[in-house]
Amino acid sequence: MSGEARDKRAPEPMARIERTFSGNAGLQIEEPLLFEVGRTEISGVDLPEPSNDKPRFGGLERQGEIGLPGLTEPEAMRHYVRLSQKNYAIDMGTYPLGSCTMKHNPRLNEKMARLPGFADIHPLQPQSSVQGALELMAMLADWLCEMTGMASVALSPKAGAHGELCGMTAIRAAHEAKGVKRSVVLVPESAHGTNPATAALLGYDVKAFPAREDGTVSVDAVREAMSDDVAGIMLTNPNTCGLFERDIVEIAEAVHEKGAYFYCDGANFNAIVGKVRPGDLGIDCMHINLHKTFSTPHGGGGPGSGPVVFSKALAPFAPVPFVERQGDACRLVETGEAAGDATPFGRLTAFHGQMGMFVRALAYMLSHGADGMRQASEDAVLNANYLRAGLSDLMSQPFGDQPCMHEVLFDDSFLKDTDITTHDLAKALIDEGYHPMTVYFPLVAHGAMLIEPTESESRAALDGFIAVMRDLAQSAQGGDVARFRDAPRYAPRRRLDETRAAREPVLRWRDGNVRQDDAAE
Ligand SMILES: *Cc1c(COP(=O)(O)O)cnc(C)c1O
């Protein structure tokens, strides 16, 4: 590691809190690695001595010690509880991460998901013994079709990005069924990175096109980019700048005229539930992030759930499995042969998807009702606009000060000539007790800050956040550079060398510890 690569302005990476003898800060306890706490010679449990049976590994059995740290039950317990307390969570405070919809997960949903009839069943159980679970999946599917105005739904995709793969695979199958091969997918520049990644993974050439001045896509730009080689368009609505694509119906028509399909990234459905039915807009398929719109927990890579709804044109190509009602009973259709006239493109998951998320999402829908879900959308949009109104005189917006949907986008031009970056501001927000907003996304805005308060925040909480943001913006413009460069000052770790962590990840613990590896370099 050469010293130059490190941000010279940043405080020493990994600097610990030095104020106390122990290194702890109040009851925030420094937590060593499990390997540093435990000892290989001990074990926390009493196991019988192994019998001297001959090993059956054909000479492949391990020769040396396994080297795993042994811990007592209280040691193991404390380690994981302390680590969990270092995690910031929506249950601890405001989590304004734009594009992520960090809304409250109602405890009622959790209670329902833990009912043994849902939590303790096995995917290989006979269908006759899990009729209640299948009925729940059928109900969830009906509600998703009702809310979106679409013909069918695949529940199995396990995240938004997985849903994109599902929808775009169906689009490819639909073209193949017509005997045509098309090689291009249109994606606007403001798209979430998963959109071009999905198209590329399926072997399509991604053709990016810019938005117009106000941050939305124009139908003329789409018409210009269309050709007989375009398989489809991937568009997000509301888009990742928090704006509603108002020309979406004309865009759909322009896409259909050329025999292509319209994939809508529905991750921001939470802003329009009960207000707009995507099916009425000419959309052919769309994923819905249950972990965003319908409040199931997310973060840290899972467990998400990304059902995909399909128009009549694409429904026959939806994957197995799906639930079908047969009189009073429900049947899980697991193979193409069992799918009747439909021609499913295949299957995406070993089983049927994330059962626990299905239960939580349906509990959210039924406890809110149609009016409650519509109000949740309206409140999410109202809260974002409340933040916008409270900050727009001090902070800059890339597409001008226009009403937003569920999230508000700022750029860094208000920090011009301050020598303070978006990154610095995000770190200073941590010192003030807030998880930072989404930064540097979407890429179309310079130094983007994307703030999504969701409907969960009270007016008092929004006022508190606005006050902190105003104080930070004013102190940045007033030249208090130290407050930002040194931030975070009160977190257990100061500013980390994030570039190095990404480029040279140390993923394996070696005897001694990680920093000894550093010394050897
Ligand atoms: C969150 C999000 C995704 C990806 O969803 P995952 O569940 O994280 O895979 C895709 N597009 C947009 C616009 C999103 O906000």
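Two strands are taken to pair if DSSP finds at least two bridges between them. Helices (H or I, at least four residues) and strands (E, at least two) are DSSP runs, numbered from the N terminus. The model is predicted: local features need pLDDT of at least 70, side-chain atom pairs count only at pLDDT 80 or more, and totals for chains, interfaces and linings use all residues. Residues are numbered from 1 along each chain as its sequence is written, and side-chain values use heavy atoms, with hydrogens and water left out.

Strands of a sheet pair through backbone hydrogen bonds, either parallel or antiparallel. Both senses occur here. An open sheet is formed by three strands in the order E10-E12-E11, with antiparallel pairing. E10 and strand E11 (438–439) stand at its edges. Each has a single partner strand, so one side of each lacks a neighbour in the sheet. Two bridges join E11 to strand E12 (residues 449–451) in the antiparallel sense. Thr-438 has Leu-450 in E12 as its bridge partner.

The parallel case involves strand E2 (residues 184–188) and strand E3 (residues 205–209), joined by five bridges. Pro-188 is partnered by Phe-209 in E3. Together with helix H7 (residues 194–201), E2 and E3 make a right-handed β-α-β unit. The crossover counts as right-handed if, with the strands pointing away from the viewer, the path from the first strand over the helix to the second runs clockwise.

Salt bridges were searched for next (a side-chain nitrogen of Lys or Arg within 4 Å of a carboxyl oxygen of Asp or Glu). The whole structure holds 27 of them. Burial is described by relative accessible area: buried means under 20%, exposed over 50%, and partly exposed in between (1.4 Å probe, protein chains only).

Arg-388 and Asp-401 form a salt bridge through their side chains, at 2.8 Å from N to O. This pair links distant parts of the chain, 13 residues apart. Arg-388 belongs to helix H11 (residues 355–391), and Asp-401 to the loop between H11 and strand E10 (408–410). Arg-388 is buried, at a relative accessible area of 13%.

A further salt bridge joins the side chains of Asp-431 and Arg-489, at 3.8 Å from N to O. Asp-431 lies in helix H12 (residues 422–431), and Arg-489 in the loop between helix H14 (481–485) and helix H15 (498–503), so the pair ties together parts that are 58 residues apart in sequence. Asp-431 is buried, with a relative accessible area of 15%. Arg-489 is partly exposed, at 32%. Elsewhere, salt bridges that share partners join Arg-212, Asp-214, Arg-246 and Asp-247 into one network. Within it, the side chains of Arg-212 and Asp-214 meet at 3.5 Å, N to O. Arg-212 is partly exposed, with a relative accessible area of 26%, whereas Asp-214 is buried at 18%.

One polar contact was examined (a pair of N or O atoms within 3.5 Å; within protein, one must be able to donate a hydrogen and the other to accept it, and residues adjacent in sequence count only if both atoms are side-chain atoms). The side chains of Thr-94 and Glu-457 make such a contact, at 3.2 Å. Thr-94 sits in the loop between H2 and helix H3 (107–113). Its relative accessible area is 13%, and Thr-94 is therefore buried.

Patches are made of residues with over 30% relative accessible area and no salt bridge; like charges are joined within 9 Å, and nonpolar side chains (Val, Leu, Ile, Met, Phe, Trp, Tyr) within 5 Å. Accessible areas come from the Shrake-Rupley method with a 1.4 Å probe; for residues, only the protein chains shown count as cover. Leu-33, Phe-35, Ile-66 and Leu-68 make up a nonpolar surface patch, with about 360 Å² of accessible area together. Ile-66 is in the loop between helix H1 (34–37) and helix H2 (73–86). Ile-66 is exposed, at a relative accessible area of 54%.

The peptide bond from Val-320 to Pro-321 is cis, with omega near 0°. Pro-321 lies in the loop between strand E7 (308–310) and strand E8 (322–326). The bond from Phe-441 to Pro-442 is likewise cis, with omega near 0°. Pro-442 occupies the loop between E11 and E12.

Ser-295, a residue other than glycine, has a positive phi near 65°. Ser-295 is placed in the loop between helix H10 (290–293) and E7. Its relative accessibility is 1%, so Ser-295 counts as buried. Asp-417, not a glycine, also has a positive phi, of about 65°. Asp-417 lies in the loop between E10 and H12. It is exposed, with a relative accessible area of 75%.
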